[in-house]
Amino acid sequence: MENQELKTAENGIELAPSNRGPNGIEAHKEGQKSDGADTCNSQASNQSKKSKHSYDKLALSRSLLKDLTLIGRGEFGDVMVAKVSESHLFLGEKVAKRSSDGSTKEEDQPATKEVAVLVKILTQTKDENCLTEFKREIDMFSKLTHEHITKLFGLCREQEPHYLIMEHTEWGDLKKFLVATQSGSPPPLTTSQGVVIAYQLSRAMDHLSNHRMVHKDLAARNCLLTSSLVVKVGLPRMTKEPYSQEYCKHANQVIPLRWLPYEAVYEDEYSTKSDVYAFAVVIWEIFSQGELPHSKINDNSFLAKLKEKKLEWKVHGSTPESLQKIQVCWFYPLKVST
């Protein structure tokens, strides 16, 4: 398949041919001139209005990224964390408010402290599915603004590989935190704390659903947690490291098998209902301290039981009764509503 990349189009980002050869790890350091950037420059004279497209507004120079550290790998490529000066990020409406001469008011200037960001690196440019999913994530997070959904800060595409820059938190993903509580440090969540986190996630997913969007991979590993126990729905999707055991290759796709209902796995039908099903599994994760769902059976057995509709879910004993009602969707997934 011909190598492809992302470029700006009238209706967003589209897939376009690229002459780039494989870069590997070294490309993260050196990079190459992006054909996508050339395309934008060549069209600037006759498409000045289009150049103001929201994707252009997301442009962020990779030179601003400091202390890049590898934390995992996904289908796109490497996933890293880095630091960026807060003054370079769009962190709120106040930053956007400018006076008539174009200058920013002094009280609206953002702080100069450095903040942590998640960096998703697109190296698998020959894989059309990866490119499509990469575009879907940009589209989704660029249109969503909610206190419990991670912010999209920018897109680095002045050279290859392209970087997607997302909000990160000091405690990292929820899965890692929950597993750590099994050893007592940090201490396990109280019941009320678990309920609050579930409530925060429900608000985020309701916001996403109201915008007619589907997450498709809601799980503790794809939610971020702050030190004040504020949770944010994200999509690091580290399918290869460190969460390869939570994904399964099925029908030429890598899917979060144990978080999906029958219709998503066998009919490729993703909807708000499948997100609700996944949300019920996340509740199970929260109150089981991050255990892998159905850890005693392998993926093949799980697939077989799901196909035969004989998969038996059991509500975790510490789950409050109020949340157990949500988990009824495990048994009647096609009849679940939001």
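Which strand gives the most to the lining of the second largest cavity? The structure examined here is a predicted model, in which local features need pLDDT of at least 70 and side-chain atom pairs count only at pLDDT 80 or more, while totals for chains, interfaces and linings use all residues. Residues are numbered from 1 along each chain as its sequence is written, and side-chain values use heavy atoms, with hydrogens and water left out.

Five strands form an open sheet in the order β4-β5-β6-β9-β7, with antiparallel pairing (strands are DSSP runs of E with at least two residues, helices are runs of H or I with at least four, and both are numbered from the N terminus; two strands pair if DSSP finds at least two bridges between them). Because β4 (66-73) and β7 (152-156) stand at the edges with a single partner strand each, one side of each has no neighbour in the sheet. From one strand to the next, the twist averages 25° (axes are lines fitted to C-alpha atoms, for helices over the stretch in contact, and angles run from 0 to 180 degrees between N-to-C directions). Seven bridges join β5 (residues 78-85) to β6 (residues 114-122) in the antiparallel sense, and Val84 stands opposite Val115 in β6. Helix α5 packs on the sheet, touching β6, β7 and β9 (162-167), and its direction makes about 140° with that of β7 (contact means heavy atoms within 4.5 Å).

The largest cavity has a volume of about 60 Å³, and its lining includes Lys120, Glu133, Glu137 and Arg237. The second largest cavity, of about 40 Å³, has Lys120, Glu137 and Pro236 among its lining residues. Strand β9 gives the most to this lining, with three residues.

The second largest pocket has a volume of about 470 Å³. Of its 20 lining residues, Asn129, Glu133, Arg237, Gln253 and Val254 are the closest to its centre. Here α5 gives the most, with five residues.

Notes: 1 Å grid on protein atoms, 1.4 Å probe; cavity = no way out; pocket = protein on both sides within 12 Å on 5 of 7 lines; lining within 4 Å. Points joined across faces, edges and corners; volume = space filled by probe spheres on them.
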